[in-house]
Amino acid sequence: MMHTGAGFHEFMSGWGWVFASLIAAVFSAGFYLVNQYMKQPGHLLVFWMRVVIVAAMTPMMLYVELPTDPRFYAAVLVTVFVGTFSDIRIFNASAMYGGGVVSRVQPVTVWCAFLLWFFFDPGLLAKYAERPWNTAAILAALIGCVFFAMRLNKCEVTKSALVYTAPALAGYTVTTVLNKYAMDHGPLEGAVYGYMYVQSIIAVFLIGGYTLYRGIGTSTTVSWVNTKMLKAVLLLSAAWLCHMIFKNYAMAFTANPSYQAALNLSTPVFIALFYMAAKHKEEAAVWPGMGIVACAVLLALASTR
């Protein structure tokens, strides 16, 4: 695997992680949109998607130096349990409420991750004290989030989606923080690609066992394999691979995992552009969700080194 040079590190330490996060957000849109139209069972999508990812990455991983730090693997293991089951719930929510609605409840994870990371890096508090203007902007973003969240809760469709996805949002909060933790405990390429690969291998067995358990006493032949499922899995696998590569590189160069997660919240904007092109009309309130996205972006900009 080709190693990145000093120029790449300098670029990513500046605004590079911002651009990588935005590109990750574009591919993240596919995560929400695919099952809005395909409407396949979330657990089967996650299982087959991870199978495809392992098959696609295995030849490349022969040339990647995997991390040796056990803390990396401990973090990845936890993300498998909380992250994959969160994916299942999000896929199901997208089929029920639409990708746009589900993407706009994601900011909850940013604010939680922002606070949770202080337990891993308490030294950041002193750095914020040295930059009062940036800290003021961060607080303004947090206040703005509360305001728009209150407006968002007046929309019954979004409120229902928020309640349904709450367990997944909690899982994504933990995954966001541990994703950053894992990136800090291994060589850059090894951590970026090893995180995706090791996580997917474990997920195949975990979700495969869960899927078999769910199928006990029922006929699952049709639901396991069908043309629409195959199309959805291939689209989701491509979107996930591209999203995670850019996300992991960005995460490796951010001081707080909530910064990358905040910029990834531009996903609703890309979904809205898709809806405009597809002439799809939403029933849920849009502007409060976009307001939360704007606040999340402000948080990221105020926190850029």
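Some ground rules before the tour. Residues are numbered from 1 along each chain as its sequence is written, and side-chain values use heavy atoms, with hydrogens and water left out. As the model is predicted, local features need pLDDT of at least 70 and side-chain atom pairs count only at pLDDT 80 or more, while totals for chains, interfaces and linings use all residues.

Let's start with the overall fold. The protein has 14 helices and 0 strands, where helices are DSSP runs of H or I with at least four residues and strands are E runs of at least two, numbered from the N terminus. Of its 305 residues, 51% count as buried; buried means under 20% relative accessible area, exposed means over 50%, and partly exposed is in between, with a 1.4 Å probe and protein chains only. Among contacts with a separation of 6 or more, 90% join residues 24 or more positions apart, a contact being heavy atoms within 4.5 Å.

On a 1 Å grid over the protein atoms alone, a cavity is a set of points where a 1.4 Å probe fits but cannot get out, and lining residues have an atom within 4 Å of a point. Grid points are joined across faces, edges and corners, and the volume is the space filled by probe spheres set on the points.

The largest cavity holds about 440 Å³. It is lined by 26 residues, and the closest to its centre are Asp87, Tyr172, His243, Lys247 and Asn264. By class, the lining has 9 nonpolar, 14 polar and 3 charged residues. Here Ala, Val, Leu, Ile, Met, Phe, Trp, Tyr, Cys and Pro are nonpolar, Asp, Glu, Lys and Arg are charged, and the others, Gly among them, are polar. Helices that each supply at least two lining residues include α1 (6-38), α3 (70-97), α8 (156-183) and α11 (227-252).

Let's look at Asp87, which sits in α3. Is Asp87 buried or exposed? With a relative accessible area of 7%, Asp87 is buried. Beyond its neighbours within four places in sequence, Asp87 touches Phe31, Val46, Arg50 and Tyr172.

Next comes α11, with 26 residues and a reach of 37 Å from first C-alpha to last, close to the 38 Å expected at 1.5 Å a residue; that expected span is 1.5 Å times one less than the number of residues.

Leu236 belongs to α11 and counts as buried because its relative accessibility is 0%. Leu236 and Phe31 are 205 residues apart along the chain, yet their C-alpha atoms are separated by 6.2 Å. Setting aside neighbours within four places in sequence, the contacts of Leu236 include Gly30, Phe31, Leu45 and Met49.

That brings us to α2 (residues 42-61), whose buried residues include Leu45, Val46, Met49 and Arg50.

One backbone detail to finish. Most residues other than glycine have a negative phi. Lys39, however, has a positive phi near 50 degrees. Lys39 lies in the loop between α1 and α2, and is partly exposed at 49% relative accessible area.

Terms used: 1 Å grid on protein atoms, 1.4 Å probe; cavity = no way out; pocket = protein on both sides within 12 Å on 5 of 7 lines; lining within 4 Å.
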